[in-house]
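I am keeping these entries as I look through one structure, going from single residue pairs to the whole chain. The sequence and the model come first, and my notes follow.

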Amino acid sequence: MNRYEIEIKLPVKNLDDVKEQLRSKGFQEEALIRECDMYYNSLYHDVKKLGEALRIRKSTNLSTGKLQAQINFKGKKIDDVSMSRQEYETLVENPETMEKILIALGFEPAAGVQKIRCYMKRDNMTACLDQVENLGDFLELEMIAPEESMRVRYLQGMEKLLIELGLSMKETVRTSYLSMLAGESD
């Protein structure tokens with residue numbers, strides 16, 4: 001099944017203010033998670049050079065202590081205004097074994113990103129309030145679409161919400177946290 005992650009991201013000055021504004025717009029807080037992402041690359045499939053991403057994410061729910069891991073592949077960005085791209089992900093029972101499999105296949109750990117993420121949801125839109133270690137605070141808005149053709153409509157809904165929050169699409173960034181930490185642009 002195809003899956004497209006329609007996403008925008010922008011730096012914010014005050015996460016608490018944004019959280020309150022989102023609540024007033026009907027968003028409900030779902031979880032507060034510590035996410036530790038390790039990205040992988042290979043000489044025979046240079047994920048970074050191709051504009052893709054391959055990672056193992058370890059997530060710890062800060063309320064329950066429950067640990068969960070997933071492997072995630074993101075294809076190239078599909079437009080010039082957002083972080084939208086095709087995405088595949090699945091849960092991983094044993095992330096250390098998954099890392100050994102990737103290394104055996106020629107992939108090497110490239111770099112990591114750590115953040116505290118507050119997940120909020122309204123209908124089919126997820127708002128992530130991120131405190132990224134060594135980088136700062138960000139708001140991500142995300143919707144999952146089964147077809148790429150839904151991207152424009154979903155982005156219009158996100159833009160409408162940004163305007164309601166006193167923000168603008170002009171403030172969004174298309175650079176991944178990983179590239180920002182490395183001082184690069186995607």
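**Entry 1, strand pairing.** I looked up Glu 5 and found that its bridge partner in strand 5 is Arg 85. Strand 1, which covers residues 4–11, pairs with strand 5, residues 85–91, in the antiparallel sense, and I noted two bridges between them. The model I am reading is a predicted one, and I keep that in mind for every entry. Strand 5 also pairs with strand 4, residues 67–77, again in the antiparallel sense, and here there are six bridges. In that pairing I found Ile 71 standing opposite Thr 90 of strand 5.

Is Arg 151 buried or exposed? I located Arg 151 in helix 3, which spans residues 151–164. Its relative accessibility is 15%, and because buried means under 20%, Arg 151 counts as buried. I then asked which residues it touches once neighbours within four places in sequence are left aside, and the contacts of Arg 151 are Ile 6, Ile 78, Asp 79 and Ser 84.

Asp 123 is not a glycine, yet its phi is positive, at about 50°. I found Asp 123 in the loop between strand 6 (107–122) and strand 7 (125–132), and with 70% relative accessibility it counts as exposed. Asn 134 also has a positive phi, near 65°, and this residue sits in the loop between strand 7 and strand 8 (136–145). The relative accessible area of Asn 134 is 70%, so I wrote it down as exposed.

How many helices and strands does the chain have? I counted four helices and eight strands, and from the N terminus on I read their order as β-α-β-β-β-β-α-β-β-β-α-α. For 186 residues a compact globule would have a radius of gyration near 16 Å, and the chain agrees with this because its own value is 16 Å. Along the principal axes, the C-alpha atoms fill a box of roughly 50 × 35 × 35 Å. Buried residues make up 45% of the 186 residues. Of the contacts with a separation of 6 or more, 63% join residues 24 or more positions apart.

Finally I looked up the 27 positive and 32 negative charges, whose mean positions are 1 Å apart.

Key. Residues numbered from 1 in each chain as written. Predicted model: local features only at pLDDT ≥ 70, side-chain atom pairs only at ≥ 80, totals over all residues. Heavy atoms only, no water. Rg over C-alpha atoms; globule rule 2.2 N^0.38 Å. Buried < 20%, exposed > 50% of the residue type's maximum accessible area, 1.4 Å probe, protein only. Contact = heavy atoms within 4.5 Å. Lys, Arg positive; Asp, Glu negative; His and termini not counted. Charge placed at Lys NZ, Arg CZ, Asp CG, Glu CD. Pairing = 2+ DSSP bridges.
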